[in-house]
Amino acid sequence: MTIAVSLPAEDKTEWWCQMLRDLMPDWKIEPLDKVEDPDAVTYTVVWRPATGAMTPFSNLKAIVSLGAGIDHVLADKQLPQDVPIIRTVGTDLTQRMKEYVALHVLRHHREMPAIEANQGRKLWEQIIVPPATQRRVGVMGLGNLGSAAAELLSQIGFPVVGWSRSPKELQGVQCYSGPDGFKSFLEGTEILVCLLPLTDSTRGILNADTFNQLKRGGSIINAARGPHMVDSDLIEALNSGQIGAATLDVFHVEPLPDTHPFWSNPKITVTPHIASMIDAPTGSKIVAKNIRIFEETGTVPDLADAKRGY
Ligand code: NAP
Ligand code: GLV
């Protein structure tokens with residue numbers, strides 16, 4: 001009964017191992033690259049595992065993704081097939097994402113980047129913006145995170161529209177779904193928030209065609225995954241004024257390379273994939289609970305659908 005743990009940094013792996021050992025004293029918890037008996041491993045707990053990292057484990061019951069997304073697990077082309085993937089989600093993750101989205105939507109809405117730049121020049125310029133009730137915000141993805149963020153934005157006073165794969169009903173949110181609903185969802189939207197999972201259908205969805213359907217001068221907030229964005233289309237849209245500003249938390253390559261133009265673009269705010277990261281003290285409790293429930297019942301509510309991609 002071994003659980004193999006793998007995060008990109010050794011100290012983080014050790015931190016998670018220690019937390020899980022405290023919560024699961026009957027299990028052997030080992031860093032994935034130091035496993036002594038691969039046949040004893042029945043669960044892996046991973047964030048961005050290396051290609052082929054899980055092939056030695058022939059008795060895997062489930063893979064636990066340390067996060068809401070599973071794209072980083074599915075990226076492993078040698079991933080053992082038909083092993084269930086458990087997402088690590090919860091109120092902690094949702095709360096953090098709500099904070100991030102509200103912070104950055106309000107920041108764009110109230111023109112804070114311009115006001116901060118004016119302070120640097122000692123410039124007293126009263127930038128008067130319309131009230132939130134006149135600024136339409138669109139949330140792409142209405143799952144755990146998107147629906148909570150959309151409802152919060154509606155409570156603040158924004159007219160909120162949301163877009164998902166299947167039809168939804170949410171308090172205070174006008175919901176659209178599927179490719180047929182995309183155009184109406186975008187039309188008149190001024191601040192676009194992406195909280196979609198990364199799948200074959202959503203890769204590159206933040207592109208020129210999408211930007212051109214938004215209200216001119218609008219803002220983009222991408223807190224989902226870097227490959228949702230076509231980087232060159234964003235730069236062009238910022239240069240042309242079609243998009244006024246962007247806040248980006250996720251990137252094609254992370255950490256964002258020094259040479260990437262996003263770092264120095266005055267219209268872009270870069271945050272280092274911190275919108276909502278689960279930490280070991282909270283996350284280990286969710287992981288331990290999910291493994292216990294999976295052992296007892298053979299499933300958990302937060303099971304991902306690998307074929308669907310999320
Ligand atoms: P979720 O509960 O699985 O919800 C995904 C939502 O996206 C669902 O509403 C789904 O529609 C919709 N969707 C999927 N494919 C679509 C498509 N082709 N067209 C339209 N809508 C589509 O996911 P979540 O827990 O909210 O997390 C969303 C993503 O946020 C994660 O996958 C991850 O990439 C990202 N994330 C980022 C951070 C960060 O710190 N930056 C933290 C956590 C998560 P249905 O409801 O119809 O299925
Ligand atoms: C973080 O990015 C997550 O997927 O939870």
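A: Let's begin with the word domain: domain bounds here come from an automatic or database domain assignment. This is a predicted model, in which local features need pLDDT of at least 70 and side-chain atom pairs count only at pLDDT 80 or more, while totals for chains, interfaces and linings use all residues. Residues are numbered from 1 along each chain as its sequence is written, chains are lettered from A and ligands numbered from 1 in the order in which they are written, and side-chain values use heavy atoms, leaving out hydrogens and water.

The protein chain is assigned domain 1 (2-88 + 278-297) and domain 2 (91-270). Taken over C-alpha atoms, the centres of domain 1 and domain 2 are 32 Å apart. Their contact (heavy atoms within 4.5 Å) takes 11 residues from domain 1 and 7 residues from domain 2. About 690 Å² is buried between domain 1 and domain 2, and carbon and sulfur atoms give 46% of it. Buried area is the accessible area (1.4 Å probe) that two parts lose on being put together, summed over both. On the side of domain 1, Arg48, Asp71 and Ile278 supply 51% of the area buried against domain 2, more than any other three residues. Arg48 has another feature to look for: its phi is positive, about 50°, although it is not a glycine. You will find Arg48 in the loop between strand E3 (41-46) and strand E4 (62-65). Helices (H or I, at least four residues) and strands (E, at least two) are DSSP runs numbered from the N terminus.

Now for ligand 1. Both domain 1 (2-88 + 278-297) and domain 2 (91-270) give residues to the shell around ligand 1, so ligand 1 lies between them. A residue belongs to such a shell if one of its heavy atoms lies within 4 Å of the ligand. Ligand 1 is surrounded by 28 residues, the closest being Ser166, Lys168, Asp249, Ser276 and Tyr310. Helix H5 (144-156) and strand E7 (160-164) each supply at least two residues of this shell. By class, the shell has 13 nonpolar, 10 polar and 5 charged residues; Ala, Val, Leu, Ile, Met, Phe, Trp, Tyr, Cys and Pro count as nonpolar, Asp, Glu, Lys and Arg as charged, and the others, Gly among them, as polar.

A nitrogen atom of ligand 1 is 2.9 Å from a side-chain N or O atom of Asp249, and an oxygen atom of ligand 1 is 3.2 Å from an N or O atom in the side chain of Arg225. On its own, ligand 1 has 940 Å² of accessible area, and the protein covers 93% of it. Accessible areas come from the Shrake-Rupley method with a 1.4 Å probe.

Arg225 leads us on to ligand 2. The residues around ligand 2 are Trp47, Gly67, Ala68, Gly69, Arg225, His273 and Met277, and they divide into 3 nonpolar, 3 polar and 1 charged. A polar side-chain atom of Arg225 lies 2.7 Å from an oxygen atom of ligand 2. Taken alone, ligand 2 exposes 190 Å², and the protein buries 90% of that.

How values were computed. Polar contact = N/O pair within 3.5 Å; in protein donor to acceptor, adjacent residues only side chain to side chain.
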